[in-house]
Amino acid sequence: MTASIFKETLDNSTFCIEALEINEESRLDFACALAMENRHPEAITEFLDILETNPKSTEALLELSKLHLTTHQYSKAVEYVEKALALDPAFFEGYVQLGTAYLKQNQEREAEVAFDQALRLNPRSGIAYCGLGLVQVSQGKRELAKQCFITTIDLAPQLGTAYLSLASMLRDEHRLEEAIELMLKFICITPDAHYAYECLGELHLSYGKVAVAKTYYEKALVLNPGSMKAKVGLGRVLIQSNELDKAFIIFKNMHIDGTSKLVKQLEGGEIMPLADG
């Protein structure tokens, strides 16, 4: 077969696949690249085309489930991953995805069963332990949840959700110094994680260390200029520093309706920083 070239402009770059034969792996790579660029309809079309050629592609089914989960189409997400698991009952990643989809729908019992099955297939899966921890948080089993997050950090030290969840629990227990130490540990491992700096900003603000909190929120905005949580956090810092004009500008630029009312609520501590999704 003659060489074929796929070219797709992705933002300011060109995604290009060259192959003597366009195989399923390269098509999956292409579809995943579209998904990473948030071109969800095109990615879905590509994955569905792959399934027309190979209806037993568990990878395509899994990626379709992830895409539908991203777009909050939870029933579709469950449907696709269940098809993958019907084809391969030992598909570890499928059970993790199924647990995640159930958790998004507040179906804690079903999520717990899925994560348990994932751990039976892979007892050293940090992501499965993390999912189980999130289930236990929802069920109010705080001590079991904390142990799951600690295990996650041991097995998968780069998984930010475990650090954020554990830090949040420590903060609720007024163990701010331990929570801060935990997040500083994570930053040493993943220094470009903007959400870690947002968390540190929030923790220091709770501690009354306004100047330090400002530094962390500003760092988060350097890493992710569009972060709503960091902007709200920085606005709260500016209010507590009596820099109301600067705070007003931040909220105005966020196109928030009723800015003056929001500023008053924030000044009174009625609104906490937005949580990442």
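Mentor: Rings of Phe, Tyr and Trp count as a pair if their centres lie within 6.5 Å. With that cut-off, Tyr163, Phe186 and Tyr195 form one aromatic cluster. Keep in mind that this is a predicted model.

Trainee: How many aromatic pairs are found in the whole structure?
Mentor: A search of the whole structure turns up three. In one of them, the ring centres of tyrosine 163 and phenylalanine 186 are 4.5 Å apart, with the planes at 35 degrees.

Trainee: Why is that pair called tilted?
Mentor: Planes under 30 degrees apart count as stacked and over 60 as edge-to-face, with the rest as tilted. The planes of tyrosine 163 and phenylalanine 186 are at 35 degrees, so the pair is tilted.

Trainee: Which helices hold the two residues?
Mentor: Tyrosine 163 lies in helix H9 (residues 160–172) and phenylalanine 186 in helix H10 (residues 176–189), so the pair ties together parts that are 23 residues apart in sequence.

Trainee: Is tyrosine 163 buried or exposed?
Mentor: Tyrosine 163 is buried, at 0% relative accessibility. Phenylalanine 186 is buried too, with a relative accessible area of 0%.

Trainee: What sits over the ring of tyrosine 207?
Mentor: The charged end of lysine 209 does, 4.8 Å from the ring centre. Elsewhere, lysine 219 lies over the face of tyrosine 197, and there the distance to the ring centre is 5.9 Å.

Trainee: New topic. What span should helix H1 have?
Mentor: Helix H1 (residues 24–36) has 13 residues, so at 1.5 Å a residue it should span 18 Å. Its end C-alpha atoms are 18 Å apart, which agrees.

Trainee: Which residues of H1 are buried?
Mentor: Among them are Leu28, Phe30, Ala31 and Leu34. After H1 comes asparagine 38, with a positive phi near 60 degrees.

Trainee: How many disulfides are there?
Mentor: Zero, from a search of the whole structure. Cysteine 130 is in no disulfide, and the nearest cysteine sulfur, that of cysteine 148, is 8.9 Å away. Cysteine 130 is buried at 4% relative accessible area, whereas cysteine 32 is partly exposed at 25%.

Trainee: Last one. Where is glutamate 93?
Mentor: Glutamate 93 is in helix H5 (residues 92–104) and is partly exposed, at 40% relative accessibility.

Key:
Residues are numbered from 1 along each chain as its sequence is written. This is a predicted model: local features need pLDDT of at least 70, side-chain atom pairs count only at pLDDT 80 or more; totals for chains, interfaces and linings use all residues. Side-chain values use heavy atoms; hydrogens and water are left out. Rings of Phe, Tyr and Trp (its six-membered ring) pair if their centres lie within 6.5 Å; planes under 30 degrees apart count as stacked, over 60 as edge-to-face and the rest as tilted. Helices (H or I, at least four residues) and strands (E, at least two) are DSSP runs, numbered from the N terminus. Buried means under 20% relative accessible area, exposed over 50%, partly exposed in between (1.4 Å probe, protein chains only). A charge sits over a ring if NZ of Lys or CZ of Arg is within 6 Å of the ring centre and within 35 degrees of the ring normal. The expected span of a helix is 1.5 Å times one less than its number of residues. A disulfide is a pair of cysteine sulfur atoms within 2.5 Å.
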